[in-house]
Amino acid sequence: MSRSTILWSAALAAAALVIPFYLDASWLQDGLFAMAAAIGAIGLNLLTGATGQLSMGHAFFLAVGAFGYVYFASEPQEGGAHALGGLGLPTPLAAVLAVLLAGVAGGLFSPIAARLKGAYLGIATLALIFIGQFAMTNATPVTGGHNGRPVPPMELFGFVFADTPEAPLVIAGVPFGALERLWFLGAILLLGAGLFARGVLRGRPGRAMNTIRDHEIAAGVMGVPVSRYRAGVFVLSSMYGGLAGVLVALVFQQTVPDYFGLLLALAYLAMIIIGGLGSVAGAVIGAVFVSMLPRLLTRYSDALPLIVQPGQEGVGAAEAAQILYGLAVVVVVLFLPGGLLGLITQLRLRTGRPLPAAAPKHSLTPTPETRN
Amino acid sequence: MGISRNSRRVAALAALALAVTACASEKATGGGGDAAASGDGIKVGPGVTADKISIGLMTDLTGPYASFGKSLTNAQQLYFEQINQAGGVCGRQLEAIVRDHGYDVQKAVSAYTEIGPKVVALAHVVGSPMVNAIKQRIEADQMLTIPQAWATNLLGSKPIQVTATTYDIDMINGVDFLAKEKGIKSGDKIGHLYFEGDYGESALNGSKYAAEKLGLELVEQKIKATDQDMTAQVTAFKKAGVKAVLVSVGPRQTASLVGVSLAGGMDVPFVGSNSAYSPQLLPTPAGPALLKDFYYITGGAPISSDLPVMKKLAEDYKAKYPGDAVDSGVSAGYSAAAIVVDALKKACESKDLTRAGVVNAHRGQNAWGQEYGGVMDFTVFDKPASLRSYVAKPDKDALGGSVVFKDAAVSDLAKEYQVPVG
Amino acid sequence: MTTFLELLVNGISIGAVYALIALGFVIIFKATEVVNFAHASLLLVGGFIVAKTHESVGFWLALLLGLAGAAAVGALIEFAVIRRANVISHSILAIVTIGVDIVLTTELTRQIGTEVLALGDPWGSEVLHLGAVNIPLARIAALVTASLVIALFLLAFKYTNWGVAMRATAEDAETAALMGVRRGRVSMGAWAVAGALAALAALFMCIFPTPGLDRTVTATAMKAFPAAILGGLDSTTGALAGGLIIGVTESLVGGYQSELVFLGRGLGDVAPFLVMIIILLIRPAGLFGTRELARV
């Protein structure tokens, strides 16, 4: 690990630690959505970015994770037609099972995932979204139907990730509600998810995956078990989706089927393209960009030209955010082949160009993770 | 060089930490402050300062209910403006904080987290999925909330006030109307076209109950909001031989249903929920069919009714928003704003403008809204505030595209109906 | 039986419209190997132009303008984006079209705003009575027009220079270029034709029995995806078959909903995708698609 990487990591870790003490709840919530999106996007980047398998059904696996967690963790509720099932398991176990369930769902799809390629796979996965919506609204005892159902808060070793007005937690004068607590859970999950994916990408499997993406037949000839890898990556990526779903559910406190629709699936694709295909950092950057953009535009709509306040004629903040992220996808593909991550690396290279002569030890040639 | 780079970074970090510390105190103190007495001896909480009361509007300006959301927002801002010109409430000016969720649950949740701490009440929230997503927090915050949705499952929550009737009550009154005036009798079949989700399913509860009581056979057809062409549904209704059709879908689907039915020779009366009709449909090719034998049931008076308050609203609205279409959102939004402002006024009298104080003041009124055309009882919250519904009929020339066909009334059926809560 | 016939005819006529959209996908895919997710917005462009102009210039001229406008936008997307994108994988080009789609759809729905726009078509809400079967005239028009256009198209594909150039490009782009086929022109032409087809489909999607053009039209266009895929993305015959299969499935499942209630309500929307998945399990390249063979 180079010295700059260590510095960067330290800075990020410090920021992650400090943020909940200073930013208000709504920013924390958006940050948490961004973290969940980052976990999901890392998973999708393994599949689409590193292995070249187009998936438009990622939102489905988020839904499996979210509703799986709720079902495993909730106590069953009586109530005639509105009865809700549940297993009442301890919440950490429920979360693990939900992630595994998402993996199983991905595995069940693998007969299709392993046989189809490119656009065919993309549109077949699109079917998952529609089938998922249908199942979610019809399986009322599990999902709560169209309205969804409340999410039991996570409880780890007696520590509850929820607002506890009766026993408020105050750290350094800052009241710690659900979002402040979840912030740290989210940060740890994201870190774990990121490190694991980096390990996969940098190791033997990562090279095999890239070979499949670049030339599937060649990969087969070189002895990569192509079908097994493709199915395996699909399952792994589904589990990432499931984990993101669990986190989203915890932040929402109520799961609603509508959320896990086509728009969400497309947003994930946009994230990995904008951030940079095939790398962990790219997925995270893209996720933050796509999740925070609407919020930033809404927040500063009064200060920005061309964007009007809600209710007036003209381009509203929500529309501007949509248009911007659509444009970002196009612009990145046309002009920034490496995504925002590639742009950052390039800028660092450019500013660092005179360096090698003066201090060759600190040369900033791209490390393998930025190439991936 | 390397060292200077690093030191630059460290400096940047330090600057960041410094900038961040500057606002540290804000959060550290901002967490408390739930209820404090202001200078005039009135207890205040979030959303209320010495000279300002902030009210949230969570609306849809870019999604499928954009026209409705825009009318609601306009009408409520008009109401607040009028109150402010008359001196405000409790010596304070009203301020609306508008957030557009575009009918997206995540945006609604984010918007609530953002504006929730800054407002005393929500004068409207569009969409029952959005209300459901933030319901727990509304209850924890004791935030008086007027949903612009009338599903039964929104009942049963103290701070959430569903205005007038729920969809099921409307449908019961609608079936009663069909039986009394359109010759539907025991043994007949009636159809019900409804959306999946709260809206359709609440309405279906009502129609099922009424059909059973009157010995009618109900033919159900469930569709999704993305379905546009109702030909298959009309064919199914025709096959079953229905004598009338209840409609709990969006305006587009209503237009398609009524148009296809009439063109295909199924000339029966149609009775819709209040969300099934929109005046924007009248200029489309489906217009003539809607004018023929379509009615919709609504708990709130249409803007074209004879009530003085509606006449004045119509004039003021046209004066302030000359270019905007008038639909049911105008009267619904205006009266919802009036409910919130009246609750604030009552809370002011009891010198408690905290959120809980506003909710309590609101729940103390048992006969609100005579001038809005229907008395509502706010003291109970596990039942609809009213059981009276109007029967309205589309009309090309009327403001808002509809007129009162039959004055507000409660059917005997609706009186006996046990509302399923939750 | 009457019900069945009505549903069937209705399904076929919707299917013909889906086929128009699916044909657009296939043409673009053959010429540029891109799956065009921006197709929905091309529909919106065409419909929007017709809706906005028909009052001043009359329906037929408005329709021409709509066709031309959507074709121009299609060609522009090809020229400004697809041609310039330098990517390794065609999946990424597909995602770029999603970006284009988001931009166009957001802006157009903002323009349409809260209105429901009528397209001023001459068929109105008239219904043809064939014995006991009632079919809206607009549906008949859709069926006839779509059949004619598709037939014309297949002929052109087979016999004109443009068709030959296009098939050559689809077969082997490099060899075709060496033989003097201008690839840029072929692919731009393909996008323009697909745009025009989308505008035509938009017309029939937005007139009776549906009330008019509004923002939800794009959702309907989603159903043409399974149509194109299950027929085979590189087969024009496949697009036709796929469109018809999806249309009929949707219509029958919707019409017999009460008999199928044990499968859950709202099945009509999922049925096309279920059919697609089943077909893909048996034939991974669709019904008429070319199975990819690779020589090493």
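In this predicted model, 32 residues of chain C are in contact with 34 residues of chain B. Several elements of chain C take part in this meeting: helix H1 (2-32), strand S2 (133-136), H9 and helix H11 (236-255) each supply at least two residues of the side of chain C that touches chain B. The greatest contribution to that side comes from H1(C), with four residues. By class, the side of chain C that touches chain B consists of nine nonpolar, 17 polar and six charged residues.

Chain C also meets chain A. Here the contact takes 39 residues from chain C and 38 residues from chain A. On the side of chain C that touches chain A, helix H4 (90-112), helix H10 (224-231) and helix H12 (267-282) of chain C each supply at least two residues. H4(C) gives the most to this side, with 14 residues. The classes of the residues on the side of chain C that touches chain A are 26 nonpolar, eight polar and five charged.

In an unreviewed entry, UniProt lists several stretches of chain C under "transmembrane region", among them residues 58-81 and residues 137-157. In the model, residues 58-81 of chain C are 96% helix and 0% strand, with the end C-alpha atoms 34 Å apart. Residues 137-157 of chain C are 100% helix and 0% strand, and the end C-alpha atoms of this stretch are 30 Å apart.

The model as a whole scores ipTM 0.84 and pTM 0.84. For chain C the average pLDDT is 84, and 94% of the residues score at least 70. Within chain C, confidence is highest in helix H3 (residues 59-82), at a mean of 93, and lowest in helix H9 (residues 217-221), at 76. H9 of chain C is also one of the elements that supply at least two residues to the side touching chain B. Where pLDDT is low, the predicted coordinates should not be read in detail.

Attention now turns to chain B, which has 14 helices and 14 strands. Its C-alpha trace spans about 85 × 60 × 40 Å along the principal axes. A compact globule of 422 residues would have a radius of gyration near 22 Å, and the 24 Å of chain B agrees with this. Of the 422 residues of chain B, 61% count as buried. Among the contacts in chain B with a separation of 6 or more, 71% are between residues 24 or more positions apart.

The record also describes part of this chain: an unreviewed UniProt entry gives residues 52-368 of chain B as "domain: Leucine-binding protein". In the model this span of chain B is 48% helix and 18% strand, and its end C-alpha atoms lie 25 Å apart.

One strand within that span shows how chain B is put together in detail. Is strand S7 (residues 189-195) of chain B enclosed or exposed? Six of the seven residues of S7(B) are buried, so the strand is largely enclosed by the rest of the structure. S7(B) is joined to strand S8 (residues 217-223) of chain B by seven bridges, and the two strands run parallel. Within this pairing, Ile190(B) stands opposite Leu218(B) in S8(B).

Key: Residues are numbered from 1 along each chain as its sequence is written. Chains are lettered from A and ligands numbered from 1 in the order in which they are written. This is a predicted model: local features need pLDDT of at least 70, side-chain atom pairs count only at pLDDT 80 or more; totals for chains, interfaces and linings use all residues. The radius of gyration is taken over C-alpha atoms; the globule rule is 2.2 Å times the number of residues to the power 0.38. A residue is buried if 20 or more other C-beta atoms lie within 10 Å of its own, exposed if 12 or fewer, and partly exposed in between; C-beta atoms are placed from the backbone. Two residues are in contact if their C-beta atoms, placed from the backbone, lie within 7 Å. UniProt positions are given in the numbering used here, feature names are shortened, and annotations may be inferred rather than shown by experiment. Ala, Val, Leu, Ile, Met, Phe, Trp, Tyr, Cys and Pro count as nonpolar, Asp, Glu, Lys and Arg as charged, and the others, Gly among them, as polar. pLDDT is the predictor's confidence in each residue, from 0 to 100. Two strands pair if DSSP finds at least two bridges between them.
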